[in-house]
Amino acid sequence: QGGGSGTRDPVDQSRSLASEVANQNPPGGWRLWRWSEVKRSCPSCGPEPGGEEKKGRGNPISVQLFPPELVEHIISFLPVRDVVALGQTCHYFHEVCDAEGVWRRICRKLSPRLREQGSGVRPWKRAAILNSHGYRRFLPTKDHIFILDYAGTLFFLKNALVSSTLGQIQWKRACRYVVLCRGAKDFASDPRCDTVYRKYLYVLATREQLEVVGTTGSRACDCVEVYLQSSGQRVFKMTFHHSMSFKQIVLVGQETQRALLLLTEEGKIYSLVVNETQLDQPRSYTVQLALRKVSRCLPHLRVACMASNQSSTLYITDEGGVYFEVHTPGVYRDLFGTLQAFDPLDQQMPLALSLPAKVYYLQHPIALWCGLNHSLVLSQGLDFSKELLGCGCGAGGRLPGWPKGSASFVKLHVKVPLCACSLCSTRECLYMLSSHDIEQHPAYRDLPASKVVGTPEPNPGSGVLQDPGGTAWACKEYLSQIYSCSTLQDRMEKMKEIVGWMPLLAAQKDFFWEALDMLQKAAGGVGQGPPTPES
């Protein structure tokens, strides 16, 4: 209340409160209490219940009378999670908390070195969320774990895994971490699944280089730096011309003929070869950077990403095409069943792979991981829940819940985070990485209904859905597999596999698996010996 004969003008009163909030730096509790009082009077939220009977609080102040810059300044002090929660309270706060000005202020506080330019439709909001909520890539090595965040900082987590007295591997909270380098774009190591081979870490980074010796001018150039995974010591560095800009690096080949494949922003592949066994020797030499054959022979293709192992490389184009490089006859025979077209003198020849259909019971695969003895798939159900499927050898905890393994994909007994986006497995651990990128699009694409097994098709004449050889055929095949089992326990196990294949919601699959487990346990305690097939 103002002094004298009347009350103060509401606009003057809001300016006074705004000045009080802006000029003072009160304790956080007072500021949050004052902000909550102002929020209750927001016209979009309506009046506070019972507010008319409360005395001594003065006239309510509409938050909409505050200058927008002041509101953005106040909100920017909140953590990212609280800003999102505040934006869900009413329409007014939703618009305020969603403004790029708020996220620009938050982003500059989280990462003062962040550059002005951003990517996407909402660059500041995306940058703020990514700089406060997670990482882009991770890679476990023999002794440590390397993690890359969205700001280009590569972290070196030392001794994250320790052995217990019983010989079991236990996770230790990684209190010892080191910033290995900044300005990193991507990194890679030996492509084999066994972490004992990952001796070196190859980091693709951007560094400032002097334009001319003796001058002060500089320009950004991409480079590859090689570090020892055991100590984090840099042992080698190669710098490229400033006109070359890369976004991904993968390794292929043996240690003495290690090929580095580099993907440019334009979708072209370049390669160079180094002798990894001589990297720790102090000497300098020039390596030749050459355009890979897939980009020479197929210049119209724009490669979106790469994957590799020791003897083959896979390229995925921006249009969803897949091309293989196969470097050994054994891998070629495994993929194509013959060596008729294999040329040992032309191992870089890109081989197009046809993708006529996808495994329907995997629903929407998000990420794949293939190991020497087992494979994993991160999948999203129809209700947007995430689940982890696996097949292959189950020994050593490779397939949680399936110690005997499985010849087909089954749901693993692992709780998957809702935002999980990638996964990796080693001999000791299973890793999953979550993503909070608001502009990340799933890599999965639905095929036309005519190419999906089990999808009904409309009859051109009557418009009635038909099922020629689809769901009905699949169910008959499932029944025949169950009949082929000799014991009741085997039939139960086969039925649990079939439940994993069927396109059911996650809750439905869990229900059937729990029910089958109960029946299996009950049947196992009745009678002497295994039941007959007729029973």
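This is a predicted model: local features need pLDDT of at least 70, side-chain atom pairs count only at pLDDT 80 or more; totals for chains, interfaces and linings use all residues.

User: What makes β7 and β8 a pair?

Analyst: Two strands count as paired when at least two bridges are found between them. Strand β7 (residues 184–188) and strand β8 (residues 200–210) share four bridges, so they qualify, and their sense is antiparallel.

User: How many bridges join β8 to β9, and which residue of β9 is the partner of Glu208?

Analyst: β8 and strand β9 (residues 218–228) run antiparallel and are joined by 11 bridges. With at least two needed, they therefore count as a pair. The partner of Glu208 in β9 is Ala220.

User: Why are β19 and β22 called edge strands?

Analyst: The open sheet has four strands in the order β19-β20-β21-β22, with antiparallel pairing. β19 (364–370) and β22 (406–411) each pair on one side only, and that makes them the edge strands. From one strand to the next, the twist averages 15°. At the β19 end, six bridges join β19 to strand β20 (residues 374–380), and Leu368 has Val377 of β20 as its bridge partner.

User: Why is Cys107 called buried, and what about Cys429?

Analyst: Buried means under 20% relative accessible area. Cys107 has 1% relative accessibility, so it is buried. Cys429 has 18%, which is also under 20%, so Cys429 counts as buried too.

User: How many disulfides are there?

Analyst: A search of the whole structure finds zero. To count, two cysteine sulfur atoms would have to lie within 2.5 Å.

User: What makes up the largest nonpolar core?

Analyst: The largest nonpolar core has 24 residues, and those touching the most other members are Ile75, Val83, Tyr92, Trp103 and Ile106. At least two residues each come from α3 (68–75), α4 (80–86), α5 (91–97), α6 (100–110) and α7 (123–132). There is also a second, separate core of 21 residues, including Phe138, Val410, Tyr431 and Leu433.

User: Where does the pLDDT stay under 50?

Analyst: One stretch is residues 1–45, with 54 contacts beyond four places in sequence in the model. Another is residues 448–465, with 20 such contacts. For the protein, the mean pLDDT is 75, and 70% of the residues reach 70 or more.

Key. Residues are numbered from 1 along each chain as its sequence is written. Side-chain values use heavy atoms; hydrogens and water are left out. Buried means under 20% relative accessible area, exposed over 50%, partly exposed in between (1.4 Å probe, protein chains only). Axes are lines fitted to C-alpha atoms, for helices over the stretch in contact, and angles run from 0 to 180 degrees between N-to-C directions. pLDDT is the predictor's confidence in each residue, from 0 to 100. Contact means heavy atoms within 4.5 Å. A nonpolar core is a set of buried Ala, Val, Leu, Ile, Met, Phe, Trp, Tyr and Cys residues joined through side-chain atoms within 4.5 Å.
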